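Here is a short note to read beside the model.

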Amino acid sequence: MAFDPTDVALTIVKIALVLAITLSITPVMVWVERRGSALIQDRPGPNRVGPLGLLQSLADALKFILKEDFVPAQAHRWLYTLAPTFGLLPAVTTVAVIPFGRPFVIPELTLFGRTWFEGGRLFEPIIADVEIGILLIFALASLAVYGLAMAGWASNNKFSLFGAIRASAQMISYELALALAAIGVLMSAGSLRLTDVVWRQTGNFVLFGVEWLKIPAWNVFPMVIGFIVFIVAAFAETNRLPFDFAEAEAELVAGYHTEYSSMKFAMFFMAEYMAMGTISALTVTLFFGGWDIPWWSEPATFAGFLLSALAFLVKVSLLLFVFVWVRWTLPRLKYDYLMRIGWKVFLPMAFVNILIVAILIAMGWI
Amino acid sequence: MFEIVVFFFFAVVAVAFALMVVLHRNPVVGAISLVVSFFSLAVMYVLLDAPFMAALQVIIYAGAIMVLFLFVIMLLNLQHEPEPLNRPIQRFLGYFAGSAFGLTLVYYVVKAGVTVPRAEVPFLSDAHTIGVRMFEAYIFPFEMVSILLLAAIVGALMLTQREVVRRDERLADLEQEKPR
Amino acid sequence: MIPATWFLALSAILFAIGVIGVLTRRNGITIFMSIELMVNAVNLTFITYAREWSSTHGLIFVFFIMAIAAAEAAVGLAIFIALFRHRETIDVDEANLMHW
């Protein structure tokens with residue numbers, strides 16, 4: 001396997017970029033969550049640390065680093081320490097297959113009389129364009145359950161164990177609904193690659209061979225049921241309200257991370273926000289056209305790439321705000337009600353969605 | 001060269017964690033080691049040009065079956081009783097027979113493993129090919145496996161159901177103040 | 001290009017480790033995990049040969065094996081839970097009611 005050094009260099013640049021954005025989601029989201037919740041609850045929110053409370057995340061990070069890091073008595077030391085890593089792993093690795101911009105042709109770069117870069121190479125803004133794209137995301141996301149289960153068990157604490165078992169059961173139930181809701185999208189795209197899914201959503205909506213009303217051809221319009229199932233399952237997967245039985249502040253002390261403090265707790269915290277970011281990116285890619293700017297076909301230049309990447313970030317940010325908005329608006333349901341609707345309402349809805357999409361494709365309307 | 005390094009690294013990981021499953025006395029550690037072992041096997045499948053099967057391996061085995069194992073181990077709270085060991089003679093015979101079997105198997109597999117030479121056609125292992133083959137030639141086993149899974153679900157529910165007392169019987173007992 | 005015999009040797013080693021697990025342990029769930037290890041070793045063999053002979057049939061066989069192993073795991077663990085409820089232990093040597 002011969003490695004082209006330019007390819008390797010470009011991949012490293014992509015990894016650095018994506019990792020920088022993914023890791024910086026946490027401090028930004030902490031601030032958004034706290035100011036956003038304050039806005040919804042009609043109170044000021046953090047406004048002491050820095051202008052508008054912008055340095056609050058820095059203060060939180062400092063607090064986490066300076067707290068005492070302990071292992072509870074008779075807890076299983078190895079698994080207790082390993083659990084936050086399992087929580088972080090899916091959140092950080094699944095961004096590798098999500099396309100974040102329009103592929104463009106790198107122009108020739110000539111500076112100071114020397115040609116640094118010959119033009120003509122196509123830059124694919126996706127770290128790993130494997131042919132099983134979305135299956136990789138499902139595979140790695142199903143490993144998130146282990147972080148939860150290990151944290152709850154290894155803490156040697158009944159509350160943690162209950163929280164972990166409830167949260168794991170909820171996560172594996174809604175994983176099914178998540179995957180089935182995404183199948184509608186994959187059927188319409190005809191491929192498992194996320195780049196194909198996004199290319200399918202460029203342009204305008206064509207029904208009966210005629211462009212009606214210039215609606216962008218995003219998947220959310222024909223597959224509304226699939227989108228609803230997907231977004232609900234996304235809330236359940238990331239353990240956000242109204243599905244946050246993992247934490248359940250009023251019921252279980254702090255659920256599976258009761259016995260965690262300092263950097264290990266910070267890793268769980270980061271993992272939750274990064275998972276939110278990844279699932280938002282996935283939802284945008286599958287249902288909202290990814291990097292596609294509606295009503296405009298971007299040219300294959302660097303400017304086109306930048307604008308499409310910006311559009312992607314804007315869409316992901318809007319969806320992240322919806323996550324925060326729902327958290328502070330909806331109440332938490334009863335656990336058995338939740339499991340019941342997960343299996344008896346959302347799973348059949350996902351099947352109905354597959355049926356509808358299959359009929360639409362067979363009629364040639366998508 | 002890169003492939004050989006990856007193969008050896010993940011082969012060592014797979015074998016080491018498989019040994020941990022078999023030799024460690026705590027079943028939770030065994031379950032997590034098995035997950036790591038399955039993950040290394042998934043990497044092996046990628047090296048064998050079958051990435052779809054690798055994804056399936058992680059989703060089904062590491063993501064669903066082992067979660068089930070972990071649930072059962074955690075709920076039965078098995079870690080507090082240290083597992084009694086078998087009698088030494090049984091353990092010795094087990095290790096000896098297993099190792100002898102393993103060594104013999106490895107020797108003969110390496111010596112006479114692949115007799116028919118490689119085919120020259122390219123290996124198609126993507127989802128489309130497998131899907132087409134599944135729905136054309138293997139449609140009957142596919143439907144039978146779905147019925148089998150239904151039978152497994154019903155069977156598992158039946159085996160673990162506690163004794164279900166009818167509601168009117170329970171109310172009648174309460175009225176007579178019969179201790180249950 | 002990695003020769004197929006390396007994969008087959010790895011599969012044989014994992015199978016043998018599974019056999020040792022089944023013969024040596026008393027904990028029912030560990031025995032079950034060793035059985036799953038053996039099944040996975042066989043999966044590796046199937047995929048190795050599928051790649052050797054460029055045949056999709058091997059992959060479909062592995063697909064079915066995975067589905068059936070999932071069903072088997074569900075039912076097997078249900079049996080263990082039922083056994084645990086009656087005997088309060090998962091030790092397979094204690095499940096000896098057939099010789100009172």
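**Notes on chain contacts and helix packing**

1. Chain B has 24 residues in contact with 23 residues of chain A, where contact means heavy atoms within 4.5 Å. The model is a predicted one, in which local features need pLDDT of at least 70, side-chain atom pairs count only at pLDDT 80 or more, and totals for chains, interfaces and linings use all residues. Residues are numbered from 1 along each chain as its sequence is written, chains are lettered from A and ligands numbered from 1 in the order in which they are written, and side-chain values use heavy atoms, with hydrogens and water left out.

2. The size of an interface is often given as the accessible area lost when the parts come together. Between them, chain B and chain A bury about 2200 Å², with 83% of it on carbon and sulfur atoms. Buried area here is the accessible area (1.4 Å probe) that two parts lose on being put together, summed over both. On the chain B side, Ile32(B), Phe71(B) and Met74(B) lose the most area to chain A, together 25% of what that side buries.

3. Chain B also meets chain C: 83 residues of chain B are in contact with 69 residues of chain C. This pair buries about 7100 Å², 76% of it on carbon and sulfur atoms. Of the two pairs of chains that touch, B and C have the most contacts. Chain A and chain C do not touch, and their nearest C-alpha atoms are 9 Å apart.

4. How many salt bridges are there over all chains? The count comes to seven, a salt bridge being a side-chain nitrogen of Lys or Arg within 4 Å of a carboxyl oxygen of Asp or Glu. Between chain B and chain A the count is zero. The interface of chain B and chain C has one: Asp49(B) pairs with Arg51(C), with the closest N and O atoms 4.0 Å apart.

5. Inside chain A, Arg240(A) forms a salt bridge with Glu33(A), and their closest N and O atoms are 3.2 Å apart. Arg240(A) lies in the loop between α8 (224-237) and α9 of chain A, and Glu33(A) in helix α1 (residues 5-40) of chain A, so the pair ties together parts that are 207 residues apart in sequence. Helices (H or I, at least four residues) and strands (E, at least two) are DSSP runs, numbered from the N terminus.

6. Next comes helix packing in chain A. The axes of helix α3 (residues 77-93) and helix α9 (residues 262-287) of chain A come within 8 Å and cross at roughly 20 degrees. Axes are lines fitted to C-alpha atoms, for helices over the stretch in contact, and angles run from 0 to 180 degrees between N-to-C directions. The two helices, α3(A) and α9(A), are therefore roughly parallel to each other; angles under 35 degrees count as roughly parallel, over 145 as roughly antiparallel, 65 to 115 as roughly perpendicular and the rest as oblique. Residues of α3(A) that meet α9(A) include Tyr80(A), Leu88(A) and Val92(A), and those of α9(A) include Lys264(A), Met267(A) and Phe268(A).

7. How do α9(A) and helix α10 (residues 302-327) of chain A cross? Their axes come within 9 Å and cross at roughly 120 degrees. That makes α9(A) oblique to α10(A). Among the residues in this contact are Ile279(A) and Val284(A) of α9(A), and Phe312(A) and Leu319(A) of α10(A).

8. The axes of α1(A) and α9(A) come within 9 Å and cross at roughly 95 degrees. These helices, α1(A) and α9(A), are therefore roughly perpendicular to each other. In α1(A), the residues that meet α9(A) include Leu23(A), Met29(A) and Glu33(A); their partners in α9(A) include Phe269(A) and Tyr273(A).
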